[in-house]
Structure formats: structure tokens, C-alpha cells
Amino acid sequence: MDPEVQGILTAAKRQWPHIHISDSLVMADSAVQMAEAGCKYIAVLGVDFMSENVRAILDQAGFTQVGVYRMSSEQIGCSLADAASSSAYTHFLKTASRSPPSLHVIYINTSLETKAHTHELVPTITCTSSNVVATILQAFAEIPDLNVWYGPDSYMGANIADLFKRMTIMSDEEITEIHPDHNRKTISSLLQRLHYYQNGNCIVHDMFGHEVVEKIKEEYCDAFLTAHFEVPGEMFSLSMEAKTRGMGVVGSTQNILDFIKYHLKQALDRNVDDHLQFVLGTESGMITSIVAAVRQLFDSYESSKEGASIEVEIVFPVSSDAISKTSIDDSQDSGSSVANDLEQINIVPGVFSGEGCSIHGGCASCPYMKMNSLESLLKICQQLPGEDNSLSVYQASRLNAKTSLGKLVAEVGCEPILHMRHFQATKRLPDKLVHQVIHGNGGEPL
């Protein structure tokens with residue numbers, strides 16, 4: 001989200017316990033805890049599939065009377081979620097349904113409706129960027145001759161396949177450290193049965209292409225490199241190479257944050273003057289959580305010892321295609337002096353026209369997440385309980401629709417998430433899912 005929104009909510013957490021900032025997976029659990037503590041309304045700052053998920057989980061937990069509100073009267077979309085709801089994705093899974101035994105591994109950043117319909121077509125488990133590799137490796141280890149179909153993020157799928165190819169030249173001992181049931185032979189075998197959707201991507205991570213990679217090689221060859229699993233292959237390969245030197249990380253936003261904190265801790269322990277430079281290969285809004293974590297580490301060390309001069313710099317690589325001139329009209333609300341200044345400089349827009357790095361904190365910026373403004377949050381909170389029905393357009397959708405097999409979308413769509421939670425807790429696929437994969441889940445192809 002916008003740094004202003006994140007900053008104010010982070011500060012407000014000290015005074016109000018019912019504020020939770022996390023990825024989309026944990027949001028629904030937090031909403032249930034808020035409802036259990038007596039909250040009657042939940043405001044979800046995210047894209048629409050997140051608010052739908054919160055609504056469905058609250059209903060399942062028995063909190064049907066708790067209101068769930070999104071931050072815009074318009075659709076708050078997501079390019080990945082849209083890709084997974086397309087007819088092309090359905091065709092991808094119809095192919096999977098004709099190739100038993102098959103398991104569909106779907107990225108958590110998709111709608112509940114998509115999860116429901118795909119689960120009836122092919123047994124499905126959700127994943128995050130943190131656990132997708134572990135999920136796929138465990139599935140291949142548990143189910144003989146399995147076919148895995150991953151989607152909808154094409155870059156992540158290609159990067160996972162690339163990662164497994166790299167594993168084929170590792171030693172068996174090195175592979176066993178990653179997963180105890182695998183070796184070079186099993187990894188080589190599973191590559192033939194790993195399929196990924198090739199027409200879906202995040203519009204933000206799509207910006208980390210060839211020119212950005214060349215810029216990093218030229219200007220930031222000595223920096224730490226971080227890349228989300230959703231970036232294009234060149235950025236992934238560059239960061240993977242840096243990882244072998246202890247200078248890079250590829251994974252989720254949490255993996256990136258942990259990497260930065262680890263290297264800062266090492267520098268603070270050495271207590272020697274240093275300048276740490278990190279290239280951030282993900283959405284620019286993550287800088288808020290990075291700054292908060294870095295400040296916390298600095299504060300904790302300053303209280304225990306005399307600190308050396310240590311600096312942390314976060315670099316956003318920028319493509320020349322992203323450079324444009326702003327106009328005075330775009331800045332008319334900022335005062336004439338600011339408008340005059342802006343007219344003289346180049347700014348780097350995000351993926352949506354008029355959104356600039358110099359103003360919003362980064363070039364890789366999601367226009368959908370930026371719809372979660374502080375103004376919208378205040379408007380909704382101030383109008384609650386909304387007895388005049390003025391907030392109805394802001395309410396999260398309650399999925400009362402049914403699947404092709406006559407089951408509730410909300411109920412079926414939650415099952416792949418529950419399968420993932422079981423895997424996270426036990427490190428094994430649930431027996432129910434394994435049975436569905438081997439014997440069929442009782443459904444018919446759509």
C-alpha cells in the first residue's frame with residue numbers, strides 16, 4: 001500500500017490493538033481474532049480477492065454478522081487473479097484433468113471463486129511464494145508418477161522450473177538438505193511432469209525485465225540483490241547467481257525482509273563503518289516494512305553499545321521506458337511552487353499513469369493496492385455503521401453462488417487453503433487431498 005497508509009497504521013497499532021499488517025494469507029485469521037475480541041466491522045485494505053477471502057473465513061467461523069468493507073466502490077483488481085479466472089486458464093486445467101494423477105498448485109493471490117472452480121476440475125492446493133517449492137517437492141515425493149500443474153504466475157512457474165534444473169547439477173547431499181526425499185535422479189524425473197501456466201503475470205514484477213537487469217549489472221554489481229519469485233527470468237537468474245556468493249535472495253517478501261535484517265545484524269555485530277546497498281526486486285510499497293525493521297535493529301543496538309557508522313541503502317532499479325515528464329496539471333493541488341518544481345524534473349511513474357517514484361516511493365508500484373487510500377479508510381470508518389445503506393457498495397462480496405456441482409463456492413474455495421495450512425503444520429499433504437489426486441475428487445470436468 002501507499003507508504004503514508006502503512007506508516008499511519010503502523011503508528012496507530014500502538015494505541016489500537018485491532019490493526020494487523022500482513023500478507024493476504026494471515027489477514028483472514030487476524031480478522032477472525034478481531035471478531036472474537038468483539039469487533040463488529042472489519043476494514044480490509046487490499047485487493048478484492050483478499051476481502052472476499054476474509055468474508056468467507058469469517059462466515060465459516062460463525063461471524064456472519066460482522067461487516068467486511070473494502071476501500072473502493074470500484075473493482076480493486078489483480079492481474080494474477082484475472083489471469084486465473086480466464087478461459088485460457090480453464091483450458092490449461094482441462095488438459096491437467098486428462099492427465100491423472102494430477103495436482104493443481106495455485107498461487108494464493110487468486111479469487112475464492114477461482115479456487116473453487118479449479119478444485120472441482122483438478123484437486124487443488126494453494127501456495128505462497130514462501131512455500132511453493134516445498135509444496136511441489138513434497139507432492140512429488142508422496143504421490144508416484146504425479147503431474148503438477150502450477151499457476152497462474154508464469155514467471156514464478158518458469159523460475160521454479162529453472163530452480164529444479166539447477167538442482168540437477170547439485171550433489172545428492174545438497175539436494176537432501178533442501179528436501180530429504182529427493183536426489184538428482186528424482187529431481188530430473190519430476191522436471192518432465194512439472195507444468196506451469198504461461199500467460200499470467202503480476203504487472204508490477206513484469207517491470208523487472210532486460211534493461212533493469214543490465215542496469216543492475218552495470219551500476220550495482222557489488223550490491224546485495226533481492227528478487228521476488230514473480231520477477232522475469234533474467235532478474236531471477238541474476239539474483240540466484242548472487243545467492244551462490246551470499247549476496248542475493250530469491251523468494252517471498254518475508255524472505256527478502258529476513259535477508260536484509262540478517263545482513264544488517266551481521267554489520268551491527270561487526271561494529272565497523274559500513275554501507276549496505278540492497279537492490280529491491282519487488283513492489284516499492286515494501287520499503288515501509290524494511291525501514292521499520294531497519295530502524296528497530298538500529299535502535300536495539302544503539303542502546304547496547306557505541307555504534308559504528310552503518311548505512312542501509314535501498315535501490316529501486318529503473319527502466320528508461322518508465323521515465324516521463326509530469327505536467328503542471330498533475331500537481332495543481334500541490335501549490336504553484338511545487339508544480340513549478342515538478343515541471344522541471346523527470347519522475348518515474350509506476351504501472352499506472354501519473355504515479356511517480358519521486359512522490360510515492362518507488363517505480364514498481366501497484367495501482368490496485370494504491371486504491372487503498374487513507375481518505376477511503378477514514379470515509380468508511382466515519383460512516384459506520386452505515387445504517388442508511390450508503391456503504392453497501394463498499395461491502396465485501398459474500399459468495400452465495402454455487403459451483404457446477406451444486407456446492408457453495410465459499411465452501412469449496414476454502415478447501416485448497418485448508419490443504420495448504422495442513423501442509424504448513426505437518427510438512428505433508430493432507431490424506432484427503434492425496435486421495436483426491438489418486439482416486440479423483442468426485443467431480444466432473446467443467
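The model is predicted, so local features need pLDDT of at least 70 and side-chain atom pairs count only at pLDDT 80 or more, while totals for chains, interfaces and linings use all residues. Residues are numbered from 1 along each chain as its sequence is written, and side-chain values use heavy atoms, leaving out hydrogens and water.

**Overall make-up**
- The protein has 19 helices and 12 strands, which are DSSP runs numbered from the N terminus (helices: H or I, at least four residues; strands: E, at least two).
- Of its 446 residues, 51% are buried, meaning under 20% relative accessible area with a 1.4 Å probe, protein chains only.

**Nonpolar cores**
- A nonpolar core is a set of buried Ala, Val, Leu, Ile, Met, Phe, Trp, Tyr and Cys residues joined through side-chain atoms within 4.5 Å.
- The largest one has 118 residues, and Ile42 and Phe164 have the most contacts inside it.
- Leaving aside residues up to four places away in sequence, Phe164 touches Val133, Ile136, Leu137, Ile187, Leu190, Leu191 and Leu194; contact means heavy atoms within 4.5 Å.
- A second, separate core of 11 residues includes Ala83, Ile106, Trp149 and Tyr197.

**A look at helix 2**
- After helix 2 comes Gly38, with a positive phi near 110°.

Key. Buried < 20%, exposed > 50% of the residue type's maximum accessible area, 1.4 Å probe, protein only.
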